[in-house]
Amino acid sequence: MRGGLWQLGQSITRRLVQADKKTIARRCFASEADLKKTALYDFHVANGGKMVPFAGWSMPIQYKDSIMDSTVNCRENGSLFDVSHMCGLSLKGKDTVPFLEKLVIADVAGLDPGTGTLTVFTNEKGGAIDDSVITKVTNEHIYLVVNAGCRDKDLAHIEEHMKSFTSKGGDVSWHIHDERSLLALQGPLATPVLQHLTKDDLSKLYFGEFRILDINGATCFLTRTGYTGEDGFEISVPSENAVDLAKAILEKSEGKVRLTGLGARDSLRLEAGLCLYGNDMEQHTTPVEAGLTWAIGKRRRAEGGFLGADVILKQLEEGPPVRRVGLFSSGPPARSHSEIQNEKGDNIGEVTSGGFSPCLKKNIAMGYVKSGNHKAGTKVKIVVRGKSYDGAVTKMPFVPTKYYKPS
């Protein structure tokens, strides 16, 4: 079993690194001193965090428990992740909504203040520049978080279009929240533990909603969201208060909520059927192909107006050439770039993420197959290290989600 856990950890490390190939390539021979550190770096090390380079940051991949144990504990109790390497920013101004709608597929105008959604920044060809959770704080303030490995290209993309927009009289400006840290508290104990640290009633905050409130004596941005499929929160906290907040959360949970690293975060999101940008979605992948059609607002489908809309709307009408699917497989766990074949042995696609599910105790994967081969139950062959193994297309998520929504 120890060998299996070691292999699981190694495969997850490879998958995470692969998601940021270019960034990591520049850092692979860098010393620890060259990597950026979050405000919780010393806290991680003191608590046994195994630090690895990720997107130019030194981040914990795991702590003293195994990745398998951490994954299961998140679903049974709870996990606390430091995700401060991700980039939070605010767009402000009376034209913020129309500006952002030129860049993303979401119906931003249709969001109620205090609510948010997953969206995709697209390019002129309809491909995904990045996925992001955006929140309408007010009609003139949008808060969003972009992926660490995409930070430089995302900010350059937004800035280029902002300069063009404001040069024509548009009113929008931005602030990058480098003064804040970001914690993700996930799992069944997330709400009862966090409720100890705030006077606001968290039972009135539903999945996708946002509040600015006091938590443990600090003014925080709280979003009921996450990347595990569990109920939970992302907490943007002033960096000077981040360690105290982390300590308070762990203390109030009486040891049941554990510090958790990137390894379990990756297995959790895979079980939840969620994309990892750089693996499951790239600049040549459209939101339709990625199975994110639901994120394209109804009004946006009718009006377009975002980059690559002609390509995306055509795929909505005619169907995409490939589709993201979930997969079960026998034999060794499938990895990124494993070939997917039909029962005749013809190539029909490729795995983008895969591994052994700690919660289901079986192999799971996601990948892209040619349209027509995407129906649940379709039998396939998956090639791992030159040998083909039986598999089948299945619906996602693999593990049922537990998002907190009105009954």
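This is a predicted model: local features need pLDDT of at least 70, side-chain atom pairs count only at pLDDT 80 or more; totals for chains, interfaces and linings use all residues.
Tutor: Let's start with a term: on a 1 Å grid over the protein atoms alone, a cavity is a set of points where a 1.4 Å probe fits but cannot get out, and its lining residues have an atom within 4 Å of a point. Residues are numbered from 1 along each chain as its sequence is written, and side-chain values use heavy atoms, with hydrogens and water left out.

Student: Which residues line the largest cavity?

Tutor: Val 133, Thr 135, Tyr 143, Leu 144, Val 145, Leu 182, Phe 221, Thr 223, Thr 225 and Glu 234. Two or more of these come from each of β6 (128-138), β7 (141-146) and β11; helices (H or I, at least four residues) and strands (E, at least two) are DSSP runs numbered from the N terminus. The largest share, three residues, is from β7.

Student: Phe 221 is in that lining. Which ring does Phe 221 pair with, and at what angle?

Tutor: A pair of aromatic rings is described by the distance of the centres and the angle of the planes. Rings of Phe, Tyr and Trp (its six-membered ring) pair if their centres lie within 6.5 Å, with planes under 30 degrees apart stacked, over 60 edge-to-face and the rest tilted. There are seven aromatic pairs by this rule. In one of them, Phe 210 and Phe 221 are tilted, 6.0 Å centre to centre with 50 degrees between the planes. That pair joins strand β10 (residues 210-215) to strand β11 (residues 218-223). Ring pairs also bring in Tyr 143, making a cluster with Phe 210 and Phe 221.

Student: Are Phe 210 and Phe 221 buried or exposed?

Tutor: Both are buried, meaning under 20% relative accessible area, against over 50% for exposed and partly exposed in between (1.4 Å probe, protein chains only).

Student: Which residues touch the most other members of the largest nonpolar core?

Tutor: Such a core is a set of buried Ala, Val, Leu, Ile, Met, Phe, Trp, Tyr and Cys residues joined through side-chain atoms within 4.5 Å. The largest has 28 residues, and Leu 80, Leu 194, Ile 215, Leu 222, Ile 235 and Ile 249 touch the most other members. Elements supplying at least two residues each include β10, β11 and α8 (242-252), and α8 gives the most, six residues. A second, separate core of 22 residues includes Cys 87, Val 97, Val 146 and Phe 165.

Student: Why is helix α9 called largely enclosed?

Tutor: Because 10 of the 10 residues of α9 (residues 262-271) are buried. Among them are Arg 265, Asp 266, Arg 269 and Glu 271. Just after α9, Gly 273 takes a positive phi of about 70 degrees.

Definitions and conventions
On a 1 Å grid over the protein atoms alone, a cavity is a set of points where a 1.4 Å probe fits but cannot get out, and a pocket is an open set with protein on both sides within 12 Å along at least five of seven lines; lining residues have an atom within 4 Å of a point.
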